[in-house]
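I opened the file today to look up a few local features. My notes follow in the order I took them.

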Amino acid sequence: MKPALREQILTILAAIPPGRVTTYGRIAAMTEGGTARLVARALRELPDDHGLPWFRVITASRRVADHPGAIEQRQRLVAEGVLFDARGRVAPEALWP
């Protein structure tokens with residue numbers, strides 16, 4: 001991945017406010033040449049001590065993606081007041097931007 005694209009993705013990630021979420025695809029659309037898969041890759045490659053709100057990124061179907069940190073992700077979102085429906089989807093009003 002090009003360093004400039006990674007920087008764009010991380011800058012957008014840092015801007016997601018508490019209690020809000022966005023999708024891999026929305027972040028990709030805000031970059032120059034990014035894709036949802038590249039956004040996911042950038043998140044997977046974050047160092048352990050990064051401090052960025054990776055947990056505020058969800059799938060286009062408004063669900064937490066299936067990955068090793070999914071339980072922690074959902075717990076963090078709930079702690080920030082993000083609501084989930086009975087089918088595990090984030091409430092539409094939590095979407096940013």
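The model is predicted.

**Entry 1: backbone at Arg62.** I looked up Arg62 and placed this residue in the loop between β2 and α4. Its phi is near 65°, a positive value in a residue other than glycine. I wrote down for reference that most residues other than glycine have a negative phi, and that most peptide bonds are trans.

**Entry 2: the cis bond.** I then checked the peptide bond from Trp96 to Pro97, and the bond is cis, with omega near -15°. Pro97 sits in the segment after α4.

**Entry 3: helix α1.** I took the span of α1, residues 3–15, next. At 1.5 Å a residue its 13 residues should span 18 Å, and the end C-alpha atoms are 19 Å apart, which agrees. Which residues of α1 are buried? I listed Leu5, Ile9, Leu10, Ile12 and Leu13. Looking down the axis of α1, I found its buried residues within an arc of 160°, so they line one face of the helix. Pro3 and Ala4, on the other side of α1, are exposed. I also looked up what covers the buried residues of α1, and the cover includes α2 (24–29), α3 (36–44) and β2 (57–58).

**Entry 4: helix α4.** I repeated the check on α4, residues 70–79, where Ala70, Gln73 and Leu77 are buried. Down the axis of α4 the buried residues fall within an arc of 55°, so they line one face of this helix. On the other side of α4 I noted Ile71, Gln75 and Ala79 as exposed. The cover over the buried residues of α4 includes β2. Gly81 follows α4, and its phi is positive, near 95°.

**Entry 5: Thr23.** Leaving aside neighbours within four places in sequence, I found Thr23 in contact with Val57, Ile58, Thr59 and Ala60.

**Entry 6: Leu83.** I looked up Leu83 in the segment after α4. Neighbours within four places in sequence aside, Leu83 is in contact with Arg89, Val90 and Ala91. I also took the C-alpha to C-alpha distance from Leu83 to Glu93: the two are 10 residues apart in sequence and 9.3 Å apart in space.

**Entry 7: the largest pocket.** I ended with the largest pocket, which has a volume of about 430 Å³. Which of its 16 lining residues are the closest to its centre? They are Ala40, Leu43, Arg44, Trp54 and His67. The largest share of the lining, 3 residues, comes from α3. I sorted the lining of this pocket by class and have 9 nonpolar, 4 polar and 3 charged residues.

Note on methods. Residues numbered from 1 in each chain as written. Predicted model: local features only at pLDDT ≥ 70, side-chain atom pairs only at ≥ 80, totals over all residues. Heavy atoms only, no water. Contact = heavy atoms within 4.5 Å. Helix = DSSP H or I, 4+ residues; strand = E, 2+ residues; numbered from the N terminus. Expected span 1.5 Å × (residues − 1). Buried < 20%, exposed > 50% of the residue type's maximum accessible area, 1.4 Å probe, protein only. Arc of directions from axis to C-beta. 1 Å grid on protein atoms, 1.4 Å probe; cavity = no way out; pocket = protein on both sides within 12 Å on 5 of 7 lines; lining within 4 Å. Points joined across faces, edges and corners; volume = space filled by probe spheres on them. Nonpolar A, V, L, I, M, F, W, Y, C, P; charged D, E, K, R; others polar.
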